[in-house]
Amino acid sequence: MAKDVIIACDFATAENTLLFLDNFKDKKPYVKIGMELFYSEGPSIVKEIKARGHKIFLDLKLHDIPNTVKKAMAVLSKLDIDMVNLHAGGTVNMMKAALEGLTREDGSRPLLIAVTQLTSTTEDDMKHDLLIDRPLTEVVMEYAHNASVAGLDGVVCSPLEAKAVHKKCGEDFLTVTPGVRFAGGDTQDQKRVMTPKAASEEGSDYIVVGRPITQAQNPVEAYERCMKDFLGQ
Ligand code: C5P
């Protein structure tokens with residue numbers, strides 16, 4: 001199983017993103033592109049980063065009727081990205097349609113990962129706004145199970161949930177985990193954090209790390225430290 005560190009490139013413009021990526025001369029890291037950058041710069045930023053030799057996780061969290069998601073995924077698949085995601089709350093049918101849309105003529109496709117419940121959603125929000133009167137962790141596990149039944153490759157979750165997700169959905173079902181910080185580092189707005197090493201021990205397959213690398217004085221050194229800690233090399 002390929003474990004890797006994914007850098008969250010949460011920059012507002014292509015210029016700032018490419019300036020940041022210019023730091024990486026040798027190994028080209030796996031990068032995550034989110035809504036802000038994609039909506040401001042469009043597919044061209046994905047093509048440019050891909051052409052520079054990076055793997056790309058396109059974090060657009062699709063959620064719509066199955067037919068619309070299927071067609072949107074078919075378009076994204078042509079961008080030659082490596083990973084993309086959607087909301088498991090869109091139902092098993094939507095997730096199955098997404099997989100169909102994502103699969104290229106030659107049978108290849110990017111990895112498809114589900115968001116279960118956003119970490120910004122509390123149990124109280126779920127109960128009062130979403131009318132889901134169940135413990136949050138139970139909902140996360142059930143949504144992860146739905147994603148695996150639909151044939152998806154994994155979920156975005158906290159490293160704290162990675163072990164339980166693997167137990168419920170299988171060792172090969174991927175856990176992509178944000179909320180990672182170096183020991184003693186600034187946690188910023190993340191509430192529950194883990195070091196790369198601890199996340200690895202909990203079974204995270206991919207860690208998504210943003211500010212500890214993007215805002216480091218020496219981003220390449222921070223990335224290499226993160227890789228070493230996570231991969232135990
Ligand atoms: O800078 P930081 O390491 O906190 O960045 C984490 C990245 O992972 C951000 O792009 C954030 O939006 C994303 N993310 C998260 N928690 C989730 C889902 C995504 O932090 N539950």
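Helices (H or I, at least four residues) and strands (E, at least two) are DSSP runs, numbered from the N terminus.

The model is a prediction; local features need pLDDT of at least 70, side-chain atom pairs count only at pLDDT 80 or more, and totals for chains, interfaces and linings use all residues. Residues are numbered from 1 along each chain as its sequence is written, and side-chain values use heavy atoms, with hydrogens and water left out.

A polar side-chain atom of Lys32 lies 2.9 Å from a ligand oxygen atom. For Gln190, the distance from a polar side-chain atom to a ligand oxygen atom is 2.8 Å. Thr119 places a polar side-chain atom 2.7 Å from a nitrogen atom of the ligand. The protein covers 81% of the 460 Å² of accessible area that the ligand has on its own. A polar contact is a pair of N or O atoms within 3.5 Å; within protein, one must be able to donate a hydrogen and the other to accept it, and residues adjacent in sequence count only if both atoms are side-chain atoms. Accessible areas come from the Shrake-Rupley method with a 1.4 Å probe; for residues, only the protein chains shown count as cover.

The ligand sits in the largest pocket. A pocket is an open set of points on a 1 Å grid over the protein atoms alone, where a 1.4 Å probe fits, with protein on both sides within 12 Å along at least five of seven lines. A molecule sits in a pocket if more than half of its atoms lie within 2 Å of its grid points.

Thr175 belongs to strand 7 (residues 174–177). Its relative accessibility is 0%, so Thr175 counts as buried. Buried means under 20% relative accessible area, exposed over 50%, and partly exposed in between (1.4 Å probe, protein chains only). A polar side-chain atom of Thr175 lies 3.1 Å from the backbone oxygen of Gly203. The C-alpha of Gly203 is separated by 9.3 Å from that of Leu160, 43 residues apart along the chain. Leu160 is found in helix 8 and is partly exposed at 43%.

Most residues other than glycine have a negative phi. Asp80 has a positive phi, near 65°. It lies in the loop between helix 4 (66–77) and strand 4 (83–87). Its relative accessible area is 42%, so Asp80 is partly exposed. Gln188 also has a positive phi, about 50°. This residue is in the loop between strand 7 and helix 9 (196–201). At 30% relative accessibility, Gln188 is partly exposed.

Val46, in helix 3 (residues 43–51), is buried at 0%. Asp172, in the loop between helix 8 (159–169) and strand 7, is exposed at 62%.

Key
On a 1 Å grid over the protein atoms alone, a cavity is a set of points where a 1.4 Å probe fits but cannot get out, and a pocket is an open set with protein on both sides within 12 Å along at least five of seven lines; lining residues have an atom within 4 Å of a point.
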